[in-house]
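The sequence and structure come before the points.

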Amino acid sequence: MSADAALVKRCLTGCPASARELVERFQSDVLAVCRRLLASEHDAEDVAQEVFIRVFRSMNRWDTERPLRPWVLGIAVNRCRTWIGKRARAPSLADYLDDTPDRKPADDSVELAGELRAAVDGLRHEYREVFVLFHEHGQPYEEIAEAVGRPVGTVKTWLHRARLEILDRLRSRGLVPEEEVPKAPSPG
């Protein structure tokens with residue numbers, strides 16, 4: 001029996017220490033995915049709690065032949081999708097801006113990082129999910145595919161398209177130079 005299966009079995013018997021162990025094992029990954037997909041610390045914390053509630057409610061349906069981590073992250077991605085859908089239907093709250101000017105010196109890396117975050121945030125949710133799981137969480141294609149419920153080929157396609165969209169946005173903002181097309185060698 002795998003370590004994941006043994007942990008789930010102990011959780012299903014109602015062992016509080018095992019439940020705590022499961023949460024501690026996955027909480028940083030779940031919270032990081034939620035933070036990145038929701039772009040709000042408060043929302044991420046709320047959704048992360050929902051994720052673990054869902055994990056414990058659904059634990060008896062987990063396939064013991066599969067790794068536990070992608071299953072948990074898949075629940076996190078799905079909970080984020082649901083939260084984003086609810087948020088889109090809810091009236092938006094006014095954003096309050098600080099009236100004091102930023103006193104930090106200009107730094108191109110800060111601008112690039114901000115533009116990159118905005119570019120990732122602007123991706124359609126499927127692309128953003130695979131991009132975040134691959135580039136920010138180092139997940140292999142197979143685990144991402146399992147987490148988002150799509151074939152590996154689809155994950156690779158979405159990741160490629162996400163990279164192209166991000167690159168296009170950065171180029172349009174003048175942060176990445178246009179690629180020069182190499183000239184064909186002249187005969188001679």
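Val 33 has a relative accessibility of 1%, so Val 33 counts as buried (under 20% relative accessible area; exposed is over 50% and partly exposed is in between, with a 1.4 Å probe and protein chains only). The model is predicted: local features need pLDDT of at least 70, side-chain atom pairs count only at pLDDT 80 or more, and totals for chains, interfaces and linings use all residues. Residues are numbered from 1 along each chain as its sequence is written, and side-chain values use heavy atoms, with hydrogens and water left out.

**Surroundings of Val 33**

- Val 33 lies in helix α2 (residues 16-38); helices are DSSP runs of H or I with at least four residues, numbered from the N terminus.
- Not counting residues up to four places away in sequence, Val 33 touches Leu 73, Val 77, Leu 133 and His 137, where contact means heavy atoms within 4.5 Å.
- Val 33 and His 137 are 8.0 Å apart in space, C-alpha to C-alpha, and 104 residues apart in sequence.

**Aromatic pairs**

- There are two aromatic pairs in the structure; rings of Phe, Tyr and Trp (its six-membered ring) pair if their centres lie within 6.5 Å, and planes under 30 degrees apart count as stacked, over 60 as edge-to-face and the rest as tilted.
- The pair of Tyr 127 and Trp 158 is tilted, because the ring planes are at 45 degrees, with centres 6.4 Å apart.
- This pair links distant parts of the chain, with Tyr 127 in helix α6 (residues 125-136) and Trp 158 in helix α8 (residues 152-172), 31 residues apart.
- Both Tyr 127 and Trp 158 are buried.
- The rings of Phe 134 and Tyr 141 have planes at 15 degrees and centres 5.1 Å apart, so this pair is stacked.
- Phe 134 is partly exposed at 23% relative accessibility, and Tyr 141 is partly exposed with a relative accessible area of 25%.

Methods. Helices (H or I, at least four residues) and strands (E, at least two) are DSSP runs, numbered from the N terminus.
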